[in-house]
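Have the viewer open as you read.

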Amino acid sequence: MADLSDVTNEFVRGEIDEFIERPDERARMIDMFSRARPEMLAISAALIDGDHGTVDRLTKEALDANTPALEIMDDGLISGMSLVGIKFRENFIFV
């Protein structure tokens, strides 16, 4: 089982540590983000931070580098939105 230190992106790691309290969700988030490549973690981090310009740029760069669109969706965009969804549910952010 992955540990929080296995999440290589410092921003994402901090978001998990600060906002994800339920053990099942925490384990799922850590596992999901620890398997993602750094480029996908950067997309997730920008999405979580609400920086749509960076999300757009990084997504285009990943597509231009022939990263499969499904990987970008799953490991970058959807994984980031899963953390945003939890923060929204817990009233930490408003969409």
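Lysine 87 sits over the face of phenylalanine 19, at 4.3 Å from the ring centre. Keep in mind that this is a predicted model, so treat the distances below as values computed from its atoms.

Stay with that ring for a moment. Phenylalanine 19 counts as buried because its relative accessible area is 13%, and the cut-off for buried is under 20%. Search the whole structure for aromatic pairs and you get 1. The rings in it belong to phenylalanine 19 and phenylalanine 92, with centres 4.8 Å apart and planes at 65°, so the pair is edge-to-face. Where do phenylalanine 19 and phenylalanine 92 lie? Phenylalanine 19 is in helix 1 (residues 10–19) and phenylalanine 92 is in the segment after helix 5, so the pair ties together parts that are 73 residues apart in sequence. Phenylalanine 92 comes out as partly exposed, with 41% relative accessibility.

Now slide along to phenylalanine 94, which is also found in the segment after helix 5. Is phenylalanine 94 buried or exposed? At 67% relative accessibility, it counts as exposed. Going C-alpha to C-alpha, phenylalanine 94 and phenylalanine 19 are 14 Å apart in space, while in sequence they are 75 residues apart.

Next, head for the inside. The largest nonpolar core has 24 residues, and the members that touch the most others are Val12, Ile16, Met29, Phe33, Ile43 and Leu83. Which elements give two or more residues to this core? They are helix 1, helix 2 (23–35), helix 3 (38–49), helix 4 (52–64) and helix 5. Helix 3 provides the largest share, with 7 residues.

Nonpolar side chains turn up on the outside too. Leu70, Met73 and Ile78 make a nonpolar patch on the surface, with about 290 Å² of accessible area together. Leucine 70 belongs to helix 5 (residues 69–89) and is exposed, at a relative accessible area of 59%.

On to the charges. Side chains of opposite charge can pair when their charged atoms come close. How many salt bridges does a search of the whole structure find? The count is 11. One of them joins aspartate 31 to arginine 35, with the closest N and O atoms 3.4 Å apart. These two are 4 residues apart in helix 2, so about one helical turn separates them. Aspartate 31 is partly exposed at 35% relative accessible area, whereas arginine 35 is exposed at 57%.

Compare the bridge between glutamate 71 and arginine 37, where the closest N and O atoms are 2.6 Å apart. Glutamate 71 lies in helix 5 and arginine 37 in the loop between helix 2 and helix 3, so this pair ties together parts that are 34 residues apart in sequence. Glutamate 71 is buried, at 18% relative accessibility, and arginine 37 is partly exposed, at 34%.

Some bridges share partners: Arg22, Asp24, Glu25, Arg89 and Glu90 are joined that way into one network. Within it, arginine 22 bridges to glutamate 25, the closest N and O atoms being 3.6 Å apart. Arginine 22 is partly exposed, with 41% relative accessible area, but glutamate 25 is buried, at 8%.

Conventions
Residues numbered from 1 in each chain as written. Predicted model: local features only at pLDDT ≥ 70, side-chain atom pairs only at ≥ 80, totals over all residues. Heavy atoms only, no water. Patch = residues over 30% accessible without salt bridge, like charges linked within 9 Å, V, L, I, M, F, W, Y side chains within 5 Å. Areas by Shrake-Rupley, 256 points an atom, 1.4 Å probe, with all protein chains shown as cover. Salt bridge = Lys/Arg side-chain N within 4 Å of Asp/Glu carboxyl O. Buried < 20%, exposed > 50% of the residue type's maximum accessible area, 1.4 Å probe, protein only. Phe/Tyr/Trp six-rings, centres within 6.5 Å; stacked < 30°, edge-to-face > 60°. Lys NZ or Arg CZ within 6 Å of the ring centre and 35° of its normal. Core = buried A, V, L, I, M, F, W, Y, C linked by side-chain atoms within 4.5 Å.
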